[in-house]
There are 2 protein chains.
Amino acid sequence: MKPASFERPVFYFSPSAYPASPRQTVLWTFFAVYVKTFFMRIPDNLKYDDKGLIPAVIQDWKTGEVLMVAYMNAESVRRTVETGLTWFWSRSRQKFWQKGETSGHVQRVKDVLYDCDQDTLLVKVDQTGPACHTGARSCFFRSFSGAGEEKKS
Amino acid sequence: MKPASFERPVFYFSPSAYPASPRQTVLWTFFAVYVKTFFMRIPDNLKYDDKGLIPAVIQDWKTGEVLMVAYMNAESVRRTVETGLTWFWSRSRQKFWQKGETSGHVQRVKDVLYDCDQDTLLVKVDQTGPACHTGARSCFFRSFSGAGEEKKS
């Protein structure tokens, strides 16, 4: 028997015990991602290179599209986790930058993963507008095999 | 009028002029990818870092999953394009390595993209077996927000 939602006990939250409607599933998924980002914790074994940087691959959390690759130092990793927006270290300008600071094309962090060597980050984001400064959705719009600019949208 | 396939003229190959069956579409897509890889050309404006390396993000060409990140130099980019298998430069062992050389978990190259700064590669591959040496499908199996090993499959 399915109880009314206001009296639903905690153990009914298990997906197998409580088959949810598509709308409920979507809401629970969003809620779970929100809760997960709230409890993010930076692992203490991350390996930074000799310049104190770690490359971060930025991926669209829904489509899986790789949007860009940029570099973070320990402080920008901390800011990224704390603010839920992506912060990087600019190697050319030698300063912090927050993606979308001026353009408004911010990236809301949904999850941060790190690889088996702990020397690369994979940041899953909700991208507002295009990720590339050229106006392309992704910075990877040119291919070795294609005419080049074709993928720019 | 749709002509019999043995007398189909070349201009019927246009997808809009010639609506194909799902099976034909799949076959044409595979053929197009094959032809594209055959005509791959390394752009001459790729930017390597002070150690002569360029990071390469390896992505599953079908699922979009990011499998690993490794480094290539000019010679391993050449070998990758020439053999259709991924070649890297090992920074720790200071030698070339071909992914799957010993394990058999090779990566067949489907496309190579490069970003707006020409300093990062995105290689779309058909991955045989797991990509990670730990046996996980992807090297990114641990998360800042998760219990850690949960994503390893």
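**A conversation about chains A and B**

Colleague: Where does B:Met72 lie?

Modeller: B:Met72 lies in strand β2 of chain B. Helices (H or I, at least four residues) and strands (E, at least two) are DSSP runs, numbered from the N terminus. This is a predicted model, in which local features need pLDDT of at least 70 and side-chain atom pairs count only at pLDDT 80 or more, while totals for chains, interfaces and linings use all residues. Residues are numbered from 1 along each chain as its sequence is written, chains are lettered from A and ligands numbered from 1 in the order in which they are written, and side-chain values use heavy atoms, with hydrogens and water left out.

Colleague: Is B:Met72 buried or exposed?

Modeller: B:Met72 is buried, with a relative accessible area of 1%. Buried means under 20% relative accessible area, exposed over 50%, and partly exposed in between (1.4 Å probe, protein chains only).

Colleague: Which residues does B:Met72 touch?

Modeller: Leaving aside residues up to four places away in sequence, B:Met72 touches several residues, including B:Tyr48, B:Gly52, B:Phe88 and B:Val123. Contact means heavy atoms within 4.5 Å. B:Gly52 is 20 residues from B:Met72 along the chain, and their C-alpha atoms are separated by 8.4 Å.

Colleague: You mentioned B:Phe88. What about aromatic pairs: how many are there over all chains?

Modeller: The count is ten aromatic pairs over all chains. Rings of Phe, Tyr and Trp (its six-membered ring) pair if their centres lie within 6.5 Å; planes under 30 degrees apart count as stacked, over 60 as edge-to-face and the rest as tilted. One of the pairs is A:Trp89 with A:Phe96, which is edge-to-face because the planes are at 80 degrees, with the centres 5.0 Å apart.

Colleague: And why is the pair of B:Phe88 and B:Trp97 called tilted?

Modeller: The planes of B:Phe88 and B:Trp97 are at 40 degrees, so the pair is tilted, and the ring centres are 4.9 Å apart. B:Phe88 is buried at 0% relative accessibility, whereas B:Trp97 is partly exposed at 22%.

Colleague: Which residue lies over the face of A:Phe96?

Modeller: A:Arg79 does, at 4.1 Å from the ring centre. A charge sits over a ring if NZ of Lys or CZ of Arg is within 6 Å of the ring centre and within 35 degrees of the ring normal. In chain B, the charged end of B:Lys110 sits over the ring of B:Trp61, 4.8 Å from its centre.

Colleague: New topic: how many residues does each chain give to the contact between A and B?

Modeller: Chain B gives 43 residues and chain A gives 43 residues. The two chains bury about 3,500 Å² between them, 60% of it on carbon and sulfur atoms. Buried area is the accessible area (1.4 Å probe) that two parts lose on being put together, summed over both.

Colleague: How many salt bridges cross the interface?

Modeller: Four salt bridges are found between chain B and chain A. A salt bridge is a side-chain nitrogen of Lys or Arg within 4 Å of a carboxyl oxygen of Asp or Glu. Among them, B:Arg91 meets A:Asp119 (3.4 Å, N to O).

Colleague: Which element gives the largest share of the side of chain B that touches chain A?

Modeller: The largest share, four residues, comes from β5(B).
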